[in-house]
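The structure is shown first.

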Amino acid sequence: MSPFATVLVIARQTTVRLLKSRVLWLLFLGTFVGAGLFYAASSKFAPEVRGDVAFGMLTYISYMGFVLPFTALYFGVNGLQGDIEDRTSVYLFARPLSRTAMLLGKWLASSVIAAALVMFGVVVLYVALAARTGWRLGVVPPASMLAGFAHATVLASFAYAGLGMLFGAWLKRPLILGLVFLVGWEGVVANLARQATARSFTVSDPLRRLLWQAHAPRDQYEEIILGPLNVTPHPDALDPSLAMLRFAAITVLLAAWIYARREYDARVAE
């Protein structure tokens with residue numbers, strides 16, 4: 001089987017397996033619960049906040065800053081290690097298949113599922129807020145903002161799922177250390193001074209810069225995008241789309257190198 005065909009076959013198999021995940025369906029149901037809660041709460045702050053500001057602020061806090069990184073990381077780890085944990089990987093490793101192609105297929109499936117789930121939630125939230133009347137100055141959430149969020153979601157899903165692949169191939173407890181990375185490294189380094197080189201080794205920094213370019217945020221949405229230190233994006237920083245693609249490429253290549261050389265225990269459980 002050619003490497004390209006292997007990528008497609010493994011992507012399809014991984015997609016089918018991940019679609020059976022309880023976590024996915026809990027998150028799916030959670031999008032409706034969250035949208036309902038935000039709709040109910042918006043009646044209190046709608047007269048004081050523009051619709052575009054409210055939609056940007058709530059979407060960034062709930063989905064871009066929380067659901068997206070943790071979901072993509074989880075599916076990245078689960079996409080890679082699921083067949084190792086259930087002892088079916090022996091059938092994959094026993095075939096003359098490229099492990100690199102296998103990992104790429106799992107990464108592709110994990111990224112697409114995470115991005116689709118997050119964007120579904122963003123759209124549901126948009127519909128809920130757009131149905132609300134009484135926004136400040138009568139400004140309702142514009143549908144045009146969805147394009148910027150979709151762009152950021154897809155690229156960030158590739159990056160975070162690549163991180164999940166790397167941790168899954170390299171570490172024994174990838175989810176725990178992945179959470180430490182997201183809360184510690186991403187949460188701290190992305191908020192350093194804008195000249196800090198270390199910011200280029202995060203996903204959250206280029207994600208914020210991409211939304212800054214796409215939405216030209218204002219009021220509370222602008223404050224959230226700038227972070228707690230109110231740091232504006234560096235004008236000479238690498239294009240945010242390229243920065244996230246670079247992060248994804250580095251993590252996936254490292255994961256493929258480790259995955260191709262590591263020995264996994266695929267014995268049937270007693």
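## Helices α2 and α5

Helix α2 (residues 22–45) packs against helix α5 (residues 99–130) at an angle of about 20°, and their axes are 9 Å apart. Axes are lines fitted to C-alpha atoms, for helices over the stretch in contact, with angles from 0 to 180 degrees between N-to-C directions. α2 and α5 are therefore roughly parallel to each other (under 35 degrees; over 145 is roughly antiparallel, 65 to 115 roughly perpendicular and the rest oblique). The crossing of α2 past α5 is right-handed (the near helix is turned clockwise from the far one by less than a right angle; anticlockwise is left-handed).

On the α2 side, the contact (heavy atoms within 4.5 Å) includes Leu24, Phe28 and Phe32, and on the α5 side Ile113, Leu117 and Phe120 are among the residues involved. By class, 14 residues of the contact of α2 with α5 are nonpolar, three are polar and none is charged. Ala, Val, Leu, Ile, Met, Phe, Trp, Tyr, Cys and Pro count as nonpolar, Asp, Glu, Lys and Arg as charged, and the others, Gly among them, as polar.

## Helices α5 and α10

α5 also packs against helix α10 (residues 240–261), at an angle of about 135° and with axes 9 Å apart. That makes α5 oblique to α10. The crossing of α5 and α10 is right-handed.

Among the residues making this contact are Arg99, Lys106 and Trp107 of α5, and Val252, Tyr259 and Arg261 of α10. The contact of α5 with α10 has ten nonpolar, one polar and three charged residues.

## Leu18

Leu18 lies in helix α1 (residues 3–18). Helices are DSSP runs of H or I, at least four residues, numbered from the N terminus. With a relative accessible area of 0%, Leu18 is buried (under 20%, with a 1.4 Å probe and protein chains only).

Beyond its neighbours within four places in sequence, Leu18 contacts Leu24, Phe75, Asn78, Gly79, Ser110 and Ile113.

## Confidence and conventions

This is a predicted model, in which local features need pLDDT of at least 70, side-chain atom pairs count only at pLDDT 80 or more, and totals for chains, interfaces and linings use all residues. Residues are numbered from 1 along each chain as its sequence is written, and side-chain values use heavy atoms, leaving out hydrogens and water.

The protein chain has an average pLDDT (the predictor's confidence in each residue, from 0 to 100) of 88, and 91% of the residues score at least 70. Confidence is lowest in helix α4 (residues 89–93), with a mean of 48, and highest in helix α6 (residues 145–170), at 96.

Note on methods:
Helices (H or I, at least four residues) and strands (E, at least two) are DSSP runs, numbered from the N terminus. Buried means under 20% relative accessible area, exposed over 50%, partly exposed in between (1.4 Å probe, protein chains only).
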